[in-house]
Amino acid sequence: MKIKFTLAAAVVAVALASCAKKENSEAVPEDPGNFIVTVTPTASTGVADYLLTASSLDTGRISTAGNGVEQDGTYRYYVTHNNKFFSMLYGQGNPGAVTAYNIVDGKLNKLTNFQTETVQAFAPVNDDLLLFKISRNVATPNSLWYKVNTNSLLITSEGSTNTLELTGTGELAHFSWLKQVGDKVYAPYFSIIDRTFATNHPNNAWIAVFNYADMSLNKIITDDRTSFIGRYFTDGLAVTENNDVYAFSSSVAVKDGTFNSTKPSAITRIKAGTTEFDQSYFFNFEEATGGMNITNWLYVGNNTFIVNATTKTEKGAYTVGSNVGIVNVVDKTYKPVTGLPAKATIAGLTTNNYTPKDGKTAYVGVNLTDASSWVYKIDASTATATKGLKVEGGVITAIQHLD
Amino acid sequence: MQSNKILLLVLLCTYSIFTSAQTLSSLKGRIKNSAGEPVPAATAKILNTSLGAITNEAGLFVIKHIKPGSYTLSISLVGYKTQTRHIDIAGKETELTITLDDDLVTMETVMVTGLTAAQESNRQAYNITAVDAKKLYNTTLNLADALDRVSGVRVRESGGVGSNFNLSLNGFSGSRVRFFIDGIPMDNFGSSFQINNIPINIAERVEVYKGVVPIWLGSDALGGAINIITGNRYRNYIDASYSYGSFNTHRSVINAAATSKSGFTFQLNAFQNYSDNNYKVYVGAADIYTGANGGKFVFVPRFHDKYHNETLIANVGVVDKSFADKLLLGVTLGKNYQEIQTGARMESVFGAWHRRGNIVMPSLKYKKDNLLKNLDVTLNANYNFGTEQNIDTVDARFDWYGNSKPGGTGGGERSRSLYKYKNNNGIVNTMLNYRIAENQSIALSDVFTTFNRKGTDELKIEQDDAPKKTQKNVLGLGYSYNIESVWSASVFGKYIYQNTVTSDRNTTSTMNKFGYGIAGTYFLTKDFQLKASYELTNRMPEADEIFGDVINSEGNPNLKPEKSQNLNAGAAYAFAINSDNKFMANATFTYRKSDNFVYSRLNQNQTKLIPDNRDGVNTVGVDGEIRYSYKNWLNAGTTLTYQYLQNLQLYEVNPSTGQYYTTKSDLYGDQMPNIPYFFGNTDVAVTLKGIGGTKNKLTFGYNLLYVHAFWLYWPSRGTPSTDTKKVVPMQLSHDVNVVYSMADGRYNISLEGRNITNELLYDNFSLQKPGRGFYLNLRYFINKTNN
């Protein structure tokens, strides 16, 4: 009799619990494919991204509800190389990790996962990923690099470079990103006093050039027409088809909480085969756009970039611009993109986007203030954006593709 | 401030009462059965007064403060015929011995053969489960292990001996559940004295309050409370045990008390735990230099997880004096050392980082019943001068193979530190209980706690000197009405004041909260009890939640107090098919509606846990227990708990703006992640008496623990497969033990096997607990029952 009572109570509770269960919005099925869309659920502070696959970015609907490969760590950064998808854990003071996947039958397949240092810059070089853990403390000025072979998925070599000696000014060089140019690695940097990222040298651009084979410092390229190139965690260099290197400066150097550079946001160039800034080339972006500064860009081929920019009032050292335009670096033209949602409704644009490098197409993640997210296809030739894949259950953090 | 006034008031009262103490007598009795054996748990009452007592293990009782005169004494206990006897009280002390006759008729029809103090607790209006700790004395269990066997309770540990723990009670966990030792909050005891390192032998019984917590346990507990009642069963005794087992685990406990005829007493509890905790874990390992093995799962031993603690509690004072039933000055001294093998996840592995702590805590305990007529007073105070230190000075990274690689950046493993700090915490706990009449009483309680963390790090030039201060006062007033074995009810109100100074706000924040509740119980028959309670309750952020523990818990200075409406209903029933087959069953239903529900989540880097709020969470739960005994040699029971915690936060907060999104959350209605929701426990014990001697006893025990799998993150997100989604897998753990007791329990030897099938056990995601382990335990116990 007592047992009956217990059972009855259990049944009541289970019934109540199931009544209380959420009314299921119609489930969005899995969408196997070769596109990878990474999504951070809106609600989840301290919870990682989900990796979703999609068969197309132009149309359809995918969701983190019941779908996706759960990642470890909130700050994940993604890069695709050697037809593998790498998910890099940014652990702040803690160890980072490299997790690699390929795609088998339209689904992600985990290849490896190993601990590394938390790194602030990583980029494909030859068959490797080059990783850099960059010092912010003059007392410990060694910045560490690692080469991860994307075939063997092993760390094949490592070393360090003194980023205090590199500047010779008493400030540290902090690489904004890394870019392979021939057999060299170009590492543009900003100069920092300490972890506040303040600087007394706001009016110079520098690129440290390393010989990739042994990571020895080859030379430092400088320019005093702009402030530093790239931004924290932002690739400010692009190599065009003819091996010219283009660089953008945001002009966001700071000290005491205020912007202290007198130089405009601009695009500069290093001609193929040279290791000096081309003093004959200068594209004053601020002038061309009525005062905006570049925050991010994506090279789609054919000297054409999709550019994010902020207005003077929006300007911030880490702000991603919601003003999207097309820049042709050879023609020095800027054209705003039409067809995107109104700026006021945009909560944020994804900075890690996909382009087939056909000279005109890019797929950009657009996260709206109503918590909906979409992939927009941008056609640089017409400077128009069209709504594509709908992504439910979170914010798009990266769009990638594997063959 | 306010509490200071109250304290002053109490002291003044105390003073005035001392001066007016009257010459009263006491009655000492010894109750035996017809076989001449002592009868514990019998009720002795002086009729037409409010005076009474319950016999202890030795069948002894004392009733104090009796005015000289003629009375009728009644002795009753289920299973015995009630006896009444005329007594004349004169002089200082009266002694008598009474033999109870078995009530054979009752024996046939009544199910329980006598309530032990543990069972007596269960009969209060509150929803209480009392664990009779004495039954577990021949095991190597600590308090946490023992609690884990209670229905509705789940203790989650992050590893082996000494590892962090989190107790959840009917779906409430963390600081919603408060710990007390003899009614004194354990909030400020530091790492050297916690339920995961206190052996079960310290306790006489452990009371688990589900839901409403009585006013005399003054606190802002929200989901329940654990009250550890330490043994003062015997005035003179020694209980010593030592165990050795797997993973180089040594544990020793010595409990002793000596009390003179004049009432001078010395009590000593000392215990020690040591373990290398070098059990094997199944973990995704990769070579630290090359990344080889790529995170494939392998078995590797934990290599940096040594833990030891040594604690001594000494109390000296007087008992049974006219001015005090108990006045003890004591000190708790202890230290502990803990190597830190992992972060909040097994992904981050450490090889040199460790911490140390000590406790130096003087204490005062005062208790006096009938200080004024029908007024009982209890005053407890302690202050912890203990120091904790976080030592992370090795600039290296370790992998699970134990290899290390120099960091080269001059840091530490996580963050270079020699941070040494004191929490400077203290507590004053005052309780007044006034019996208006035989069955009515009023209780007033006040608990004041203070915390002020101060520390320095010799490695740092710029010290973190931001204030880390919090003070809290909980004032409670309750009224209870009790008609024994028919019904009882309590109503109460609580007023909580908390003042916190943090670096984030650098301003003082003051919070005032008022809560109230009602609890009642009704006996349908003597053996069929119904209980129900409702409470509106508030629980404030604890110091560790605001400021962190400097290791794997991160502080959240913006944590809001949680407010909850709790409804509990339960029933307990005892019955017998015949005199050999006896059953006991109870079940509890729980409904909770919580605002600003505090839950623990991983921080941004998933390396630490951080407390955070959810706007709303509803909990529906049931838990039940069935026990069976056959004659007096077989005892078996099962507990089962199911609880459904549902997220009802309608809008999520945009982390970059701090504003709510305007569209409904994808997680609305989702089950709360990373909380065990279905679990149970089964135990069987067989006792064979007279093996190898009439006073010897052999017991075989088996315990099964089951925890259903649960997701680490929100259940609705991601492909629900263990390949693609982080899960804490289903756990099934079998423990066995054999105990041989000789000479009526004076010498005991036991062998214990834990997790004998060597299952992979995880309470927290990827934090694996020990595999199979065997432990040998030796115990010696002697007591002198006559004074």
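This is a predicted model: local features need pLDDT of at least 70, side-chain atom pairs count only at pLDDT 80 or more; totals for chains, interfaces and linings use all residues.
Helices and strands are here DSSP runs, of at least four residues (H or I) for a helix and at least two (E) for a strand.

**Entry 1: chain B overall.** I looked up the secondary structure of chain B and noted 5 helices and 47 strands. I then checked burial and found that 50% of the 787 residues of chain B count as buried. For the contacts of chain B between residues at least 6 apart in sequence, I recorded that 64% join residues at least 24 apart.

**Entry 2: chain A overall.** I noted 2 helices and 32 strands in chain A. Of the 403 residues in chain A, 50% are buried. Among the contacts of chain A that link residues at least 6 apart in sequence, 47% connect residues at least 24 apart. I looked up the extent of the C-alpha atoms of chain A along the principal axes and wrote down a box of roughly 90 × 45 × 45 Å. I also compared the radius of gyration with the globule rule: a compact globule of 403 residues would have a value near 22 Å, and the 23 Å of chain A agrees with this.

**Entry 3: a sheet in chain A.** I traced an open sheet of 4 strands in chain A, with the order β9-β10-β11-β12 and antiparallel pairing. Its edge strands are β9 (121–125) and β12 (154–162) of chain A, each of which pairs on one side only. I then followed one pairing in detail: strand β11 (residues 142–149) of chain A runs antiparallel to β12(A) over 8 bridges. Within β12(A), A:T161 is the residue that stands opposite A:S143.

**Entry 4: strands β34 to β36 of chain B.** I found strand β34 (residues 528–539) of chain B paired with β35(B) in the antiparallel sense over 12 bridges. In β35(B), B:A571 lies opposite B:L530. On going to the next pairing, I counted 14 bridges between β35(B) and β36(B), again antiparallel. These two strands, β35(B) and β36(B), form a hairpin with 4 residues between them. I looked up the bridge partner of B:G570 in β36(B) and recorded B:T588.

**Entry 5: B:Y599.** I placed B:Y599 in strand β36 of chain B. Is B:Y599 buried or exposed? I noted that B:Y599 has 21 C-beta neighbours inside 10 Å and therefore counts as buried, the cut-off being 20 or more. Leaving out residues up to four places away in sequence, I listed B:D612, B:R614 and B:M672 as the residues that B:Y599 touches. I also took the C-alpha to C-alpha distance from B:Y599 to B:N755, which is 29 Å for a separation of 156 residues in sequence.

**Entry 6: the contact between the chains.** I looked up the contact and found 63 residues from chain B and 55 residues from chain A. On the side of chain B that touches chain A, the elements giving two or more residues are β35 (562–576), β36 (581–602), β37 (609–630) and β38 (634–647) of chain B. The largest share of that side, 7 residues, belongs to β37(B). I sorted the residues of this side of chain B by type and recorded 22 nonpolar, 29 polar and 12 charged.

Note on methods
Residues are numbered from 1 along each chain as its sequence is written. Chains are lettered from A and ligands numbered from 1 in the order in which they are written. Two residues are in contact if their C-beta atoms, placed from the backbone, lie within 7 Å. Ala, Val, Leu, Ile, Met, Phe, Trp, Tyr, Cys and Pro count as nonpolar, Asp, Glu, Lys and Arg as charged, and the others, Gly among them, as polar. Two strands pair if DSSP finds at least two bridges between them. A residue is buried if 20 or more other C-beta atoms lie within 10 Å of its own, exposed if 12 or fewer, and partly exposed in between; C-beta atoms are placed from the backbone. The radius of gyration is taken over C-alpha atoms; the globule rule is 2.2 Å times the number of residues to the power 0.38.
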